Amino acid sequence: MKLGLVTSNRHKLEEYRQGLEPLGVEVEHLDVDCDEIQTETLQDVVRSCLDQLKGAGLSNFMLDDSGLFVPSLNGFPGVYSAYIMDTIGCRGMLRLLEGLGREARFECCIGVCSDELGEFTVTGVSPGMIVREERGTGGFGYDPIFVPEGHELTFAQMDMASKNELSHRGKAMVLLAREMERRMGGRK
Ligand code: IMP
């Protein structure tokens, strides 16, 4: 089965290829844009993008929206994660967290729109902690400041296969492959 991935992020594209191809899903890059609406949940952003792109005639594609949620900041930056990364970055997040609880979680909502399988979303969650200083050069975004639960290394210090095993996106990919399998009902 082949699905287009709507993204302008080459790191995400590589993560999807590495995560989904062993699960039998071939990933094609679709360099198209959607307007991310300002709303409370990743799922609403994803559903709105699915509708916009479907309305523009696109089919057999998937996209995701992800965010870092910090309970000591009442869930901030959450759906504002991209804006915060673009304005204050990892350094700014570390400053914001001085003296506060460092527990955090990443969430990734993937939406699929397929002629054969219909439309659905799945959400993967990776709980962890924000460290005190940036560590590592791999990955992207908040990877240098996030350590997944039960581990010592930040996502930026891991290779992509290890990040995919533990990450919000990797977990969402497993749910995605499972849901595709269920909807195919054994068809290949
Ligand atoms: P989006 O899903 O591309 O909209 O991401 C929202 C923000 O979260 C962006 O600033 C990304 O850099 C960041 N982000 C998304 N996924 C990850 C990830 O896997 N690791 C680190 N940061 C991420």
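## Surface and basis of the model

The model is predicted: local features need pLDDT of at least 70, side-chain atom pairs count only at pLDDT 80 or more, and totals for chains, interfaces and linings use all residues. Residues are numbered from 1 along each chain as its sequence is written, and side-chain values use heavy atoms, with hydrogens and water left out.

## Overall dimensions and burial

The radius of gyration of the protein chain, taken over C-alpha atoms, is 16 Å, which agrees with the value near 16 Å for a compact globule of 188 residues (2.2 Å times the number of residues to the power 0.38). Along the principal axes, the C-alpha atoms fill a box of roughly 50 × 30 × 25 Å. Of the 188 residues, 48% are buried (under 20% relative accessible area, 1.4 Å probe, protein chains only).

## Secondary structure

Six helices and six strands make up the pattern β-α-β-α-β-α-α-β-β-β-α-α along the sequence (DSSP runs numbered from the N terminus: helices H or I of at least four residues, strands E of at least two).

## Strand S4 and its partners

Ten of the twelve residues of strand S4 (residues 103-114) are buried. Strand S4 runs antiparallel to strand S3 (residues 61-69), to which nine bridges join it (pairing requires at least two DSSP bridges); here Gly-67 stands opposite Glu-107.

Twelve bridges connect S4 with strand S5 (residues 118-130), again in the antiparallel sense, and Ala-104 has Gly-128 in S5 as its bridge partner. Three residues lie between S4 and S5 in this hairpin.

Note on methods:
Buried means under 20% relative accessible area, exposed over 50%, partly exposed in between (1.4 Å probe, protein chains only).
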